[in-house]
Amino acid sequence: MSDASYDVIVIGSGPGGYVCAIRAAQLGLKTACVERRETLGGTCLNIGCIPSKALLQATEKFDEAQHHLADFGVKVGKVSVDLEAMLAHKDKVVQANVSGVEFLFKKNKVDWLKGEAAFAGADTVAVTGPDGKRATYSAKAFVIATGSDSISLPGIEIDEQRIVSSTGALSLPKIPKHLVVIGGGYIGLEMGSVWRRLGAEVTVVEFLDRILPNMDGEISKQMQRLLTRKGMKFRLGTKVTSAKASQRAVKLTIEPAAGGEAETLDADVVLVAVGRRPFTDGLALDQAGVETDDKGRVRTDGHWRTTAGHIYAIGDVIDGPMLAHKAEEEGVAVAEILAGQSGHVTYDAIPGVVYTAPEVAQVGRTEEELKAAGVDYKVGKFPFTANGRARAMNATEGFVKVLADAATDRVLGVHILGAEAGTMIAECAMAVEFGASAEDIARTCHAHPTLNEAVKEAALAVDGRPIHF
Ligand code: FAD
Ligand code: NAD
């Protein structure tokens with residue numbers, strides 16, 4: 001006998017799980033969500049997107065006050081950092097967001113089953129609460145939304161003091177003198193930027209010969225140049241073979257990725273940011289007949305259905321980019337399928353944003369991907385140096401690049417490097433979602449003066465007719 005039964009039980013309350021639970025409840029399904037953390041919101045709200053953006057925002061303000069306000073004729077006295085207050089700002093933002101989800105659960109009548117879930121059969125989960133008590137719940141359908149966890153490298157032990165994951169990097173009690181970041185991806189560049197702005201020397205060690213390997217090559221090259229100008233150092237094509245922490249420092253051994261002479265690097269703190277792994281520990285998937293693939297991801301049929309037909313999986317624990325908004329879209333789609341509707345996600349229209357300064361944002365395909373696929377495409381580019389609002393903001397770094405099909409003019413990809421690129425990419429994602437042509441963007445009236453006019457101009461440039469460049 002189970003303690004309660006539901007139409008759907010969602011396991012995990014990250015952006016995939018909590019959004020799925022709310023949408024399922026909106027559609028009239030009796031819904032519960034199991035979460036083992038003390039607060040709802042998953043990686044994203046507790047130790048990911050939200051706290052990292054709170055620190056990026058705070059340190060950007062510091063950088064602005066220190067280096068850029070004077071250019072606007074704003075004089076400030078000596079600017080200094082109160083790290084404790086900055087970390088408190090981050091914690092407050094996290095608290096507001098996680099309690100917001102708790103409120104939304106109550107509002108939508110989603111039951112929060114507090115504790116760790118493990119399948120106890122095909123239609124039952126056992127939930128072990130924080131007090132060690134175990135209860136069982138049954139449901140007609142389950143959604144696995146257990147997310148991901150950071151990984152390390154062989155022989156490098158994360159102690160969250162000297163050798164940290166992103167979680168430790170969000171709460172360093174002191175500004176390190178030298179921070180070595182292993183991995184030049186999303187986390188490496190965002191958290192590297194945070195501590196660089198606060199005064200740390202930052203060296204990014206990247207295995208490949210470029211940073212942001214999944215982004216457009218031209219953008220990533222330019223991004224590296226801009227970050228270098230801000231004082232970040234890069235060691236590309238380099239691997240870390242060991243990192244030994246003592247009480248006061250870390251000694252790293254690095255060598256060329258292709259093999260060669262080793263050298264050492266000394267750091268106060270090392271951030272390991274080489275990716276994340278799907279998290280299914282303790283779920284007892286075998287009890288329910290749910291299979292994983294060779295990368296440990298829950299295997300799905302392309303419509304989020306696992307090898308057990310009534311059990312679905314979404315978010316970081318399945319295939320695809322590990323992004324909060326991707327998880328959310330999948331959560332909505334699965335809830336709608338469970339309610340008898342036809343949920344859908346357009347994977348080509350999922351934007352990716354790196355929240356550095358300037359930001360990097362993209363949607364759709366990169367030039368490298370189009371070349372590899374043999375697609376004939378046209379390119380339209382527009383630099384922010386030619387955009388009036390960007391000049392007014394002293395934010396002229398970067399450009400917009402629109403890639404369109406050579407024959408049909410359909411927008412295949414948009415890549416933006418520049419201030420507020422993450423906000424600007426929304427109209428581009430909509431263009432991809434609606435199957436718009438570059439001409440459609442070019443003929444859409446964009447308010448003046450806005451940064452978005454650069455998107456319109458890049459779309460005009462696809463046809464060789466930008467007005468302002
Ligand atoms: P998660 O958010 O990982 O949530 C899974 C939840 O399941 C967790 O709360 C976990 O405790 C719970 N759980 C696991 N197993 C069990 C169990 N057996 N029983 C009960 N509960 C369980 N993405 C973006 O789009 N934008 C960003 O700016 C961004 N910034 C990031 C910054 C950092 C530092 C990190 C680490 C990640 C960032 N991400 C960002 C990625 C984003 O956080 C993830 O893609 C997103 O959280 C995935 O959502 P999810 O619902 O799949 O899983
Ligand atoms: P990532 O995949 O973005 O970057 C990892 C980097 O580490 C890559 O450049 C990779 O080539 C490099 N790398 C791998 N092995 C290495 C090695 N042995 N030595 C040196 N470099 C090595 O992963 P991440 O930065 O850890 O972030 C994890 C995930 O979290 C991301 O994939 C992203 O989906 C998500 N995230 C998103 C955001 C955002 O949306 N703004 C922010 C943070 C994290």
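Start by selecting Ile144: beyond its neighbours within four places in sequence, Ile144 is in contact with Ile11, Phe119, Leu283, Leu285, Val290, Val298, Ile311, Tyr312, Ala313, Ile314 and Val317 (contact means heavy atoms within 4.5 Å). This is a predicted model, where local features need pLDDT of at least 70, side-chain atom pairs count only at pLDDT 80 or more, and totals for chains, interfaces and linings use all residues. Residues are numbered from 1 along each chain as its sequence is written, and side-chain values use heavy atoms, with hydrogens and water left out.

Now widen the view. Ile144, Ile9, Phe105 and Phe119 have the most contacts inside the largest nonpolar core, which has 57 residues. Such a core is a set of buried Ala, Val, Leu, Ile, Met, Phe, Trp, Tyr and Cys residues joined through side-chain atoms within 4.5 Å; buried means under 20% relative accessible area, with a 1.4 Å probe and protein chains only. Colour helix H1 (residues 15–26) next: it gives the most to this core, seven residues. Helices here are DSSP runs of H or I, at least four residues, numbered from the N terminus.

Then select Leu83, Val269, Val354 and Leu417, which are among the 37 residues of another core, apart from that one.

Last stop: the cysteines. How many disulfides does the structure hold? It holds zero, a disulfide being a pair of cysteine sulfur atoms within 2.5 Å. The sulfur of Cys33 is 8.5 Å from the closest cysteine sulfur, in Cys20, too far for a bond. Cys33 is buried, at 0% relative accessibility.

Notes. Chains lettered and ligands numbered in written order. Buried < 20%, exposed > 50% of the residue type's maximum accessible area, 1.4 Å probe, protein only. Helix = DSSP H or I, 4+ residues; strand = E, 2+ residues; numbered from the N terminus.
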